[in-house]
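Me: I'd like a close look at one part of this protein. Could you walk me through it slowly, in plain words?

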Amino acid sequence: MPPSRFFPNACKDYDAGNFEIGQQHIITEVHNMIDNITANLKPVQLNGEDGLYLGTAGIAYMFYHLSKISTFQSHSSAFIDNATEYLQPSLAVAQKYACSVKDVPSFLLGNCGIYAIASVIYHVTKNKEQSDYFRNLFYEAGNTCKEIQFLDCGSDELFVGRAGYLCAALWLAKETNTELKLQDLYDICHVMVASGRKYATLHHSDCALMYAYYDVEYVGAAHGLCSILQVLLSVPGYLDANSGDAKHVKSAVDYLLDIQDAEGNFPAAINEVTRKNELLHWCHGAPGIIYLMAKAYLTWTEDKYLQSCKKMGEIVWRKGLLKKGPGLCHGIAGNAYVFLLLYRLTNEQKYLHRANVFAQFMETEDFKRQARVPDNPFSLFEGIAGTVCFLGDLTMPSQAAFPFFNVF
């Protein structure tokens with residue numbers, strides 16, 4: 001019998017009574033974690049590799065994320081200074097790799113994510129020249145995304161492909177209060193749908209749109225179908241203006257809905273549909289797919305998507321206290337964001353309670369002794385920088401959003 005991937009959840013569920021978030025305690029924990037990060041992950045070029053996902057650009061994002069939360073308003077200016085400092089090593093790395101044109105559009109692992117956070121931070125610091133410079137670099141990279149196969153490994157997923165570029169474009173425009181270059185985004189959306197149709201036809205897929213990353217037909221948020229569909233739903237006006245593409249997108253969303261299992265989870269890849277679905281992470285499984293179904297519910301207002309989200313919330317409550325660590329991608333903080341999303345969707349207190357329980361569990365001796373230490377323990381997606389974002393959002397849950405995945 002293989003070891004369990006999660007801690008059994010023996011925590012008390014919401015019973016309609018009052019509970020307290022413990023805001024001051026969370027603030028103290030956040031500052032302790034920040035001290036830990038800054039002591040162990042220095043803003044030097046060696047740590048600037050691997051983009052937002054693992055590098056110092058992710059720490060810059062963490063500081064920016066906190067600076068916008070009113071709970072931390074008194075530290076906002078200092079956090080922006082910290083963000084600027086941690087941005088510099090990643091900018092140096094981006095400059096080094098700017099000649100690798102086909103890799104530049106990469107959002108979470110490469111240059112475009114760095115350009116986006118740079119433009120936003122310089123916008124906040126009122127350095128218009130630098131903000132515009134990096135925003136223009138970002139938009140120039142979008143031209144590469146219009147080639148149907150600009151990456152041999154797969155050109156459509158979130159980390160390095162078109163979905164990531166579009167996700168970053170939406171975030172960048174919102175944070176800098178600039179107009180979206182809608183025609184460019186529409187062109188990329190159209191290529192992305194055409195790519196999915198071409199692959200689905202060639203491989204006789206049961207789904208109207210299908211994609212592969214390194215020859216695997218992933219389902220989850222990291223590399224798979226759900227984040228591609230989520231982004232297509234999120235580009236303003238695209239589906240309204242392209243009814244044929246809209247039909248394919250909705251059919252693909254409903255295909256995913258059909259392969260949700262009885263417990264509420266999803267397979268990591270299409271070839272695992274008939275197997276037991278073990279992975280319950282943001283990257284693979286319900287904790288990432290919930291953002292697609294939430295966006296589908298907000299777009300089409302059909303109750304089946306909301307019910308799918310609630311089923312996902314139940315399995316995350318039962319099996320979401322992961323032993324892999326505290327991070328966003330495959331850790332407890334990433335799973336806890338499910339409850340903050342459900343709280344915003346439904347306004348039901350039980351989800352806020354559950355998010356609070358997951359936060360508290362990460363302080364227990366069981367977790368500290370038995371949870372795995374991530375390979376990159378201070379990073380945004382694997383380490384405690386992502387945990388800091390979650391804890392900060394827990395103090396202001398009505399505005400909480402998983403980094404770059406705000407569906408509202």
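Which residues does Cys329 touch, not counting residues up to four places away in sequence?

Reply: Before we zoom in, a word on the ground rules. This is a predicted model, where local features need pLDDT of at least 70, side-chain atom pairs count only at pLDDT 80 or more, and totals for chains, interfaces and linings use all residues. Residues are numbered from 1 along each chain as its sequence is written, and side-chain values use heavy atoms, with hydrogens and water left out.

Now to your residue. Leaving out residues up to four places away in sequence, Cys329 touches Tyr53, His281, Trp282, Cys283 and Phe381 (contact means heavy atoms within 4.5 Å). You'll find Cys329 in the loop between helix H13 (303-319) and helix H14 (332-346). Helices here are DSSP runs of H or I with at least four residues, strands are runs of E with at least two, and both are numbered from the N terminus. Cys329 is buried, with a relative accessible area of 3%. Buried means under 20% relative accessible area, exposed over 50%, and partly exposed in between, using a 1.4 Å probe and protein chains only.

Setting aside neighbours within four places in sequence, Cys283 is in contact with Gly220, Ala221, Ala222, Cys329 and His330.

Here's where the record comes in. In an unreviewed UniProt entry, the annotation "binding site" covers Cys283, Cys329 and His330. These three span 48 residues in sequence, yet no two of their C-alpha atoms are more than 6.4 Å apart, so they gather at one spot. Keep in mind that UniProt annotations may be inferred rather than shown by experiment; the positions are given in the numbering used here, and feature names are shortened.

Let's step back to see what surrounds that spot. The protein has 17 helices and zero strands. Its radius of gyration is 20 Å, close to the 22 Å that the globule rule gives for 408 residues, so the protein is as compact as a globular protein of that length. That radius is taken over C-alpha atoms, and the rule is 2.2 Å times the number of residues to the power 0.38. Of the 408 residues, 59% count as buried. And among contacts between residues at least 6 apart in sequence, 69% join residues at least 24 apart.
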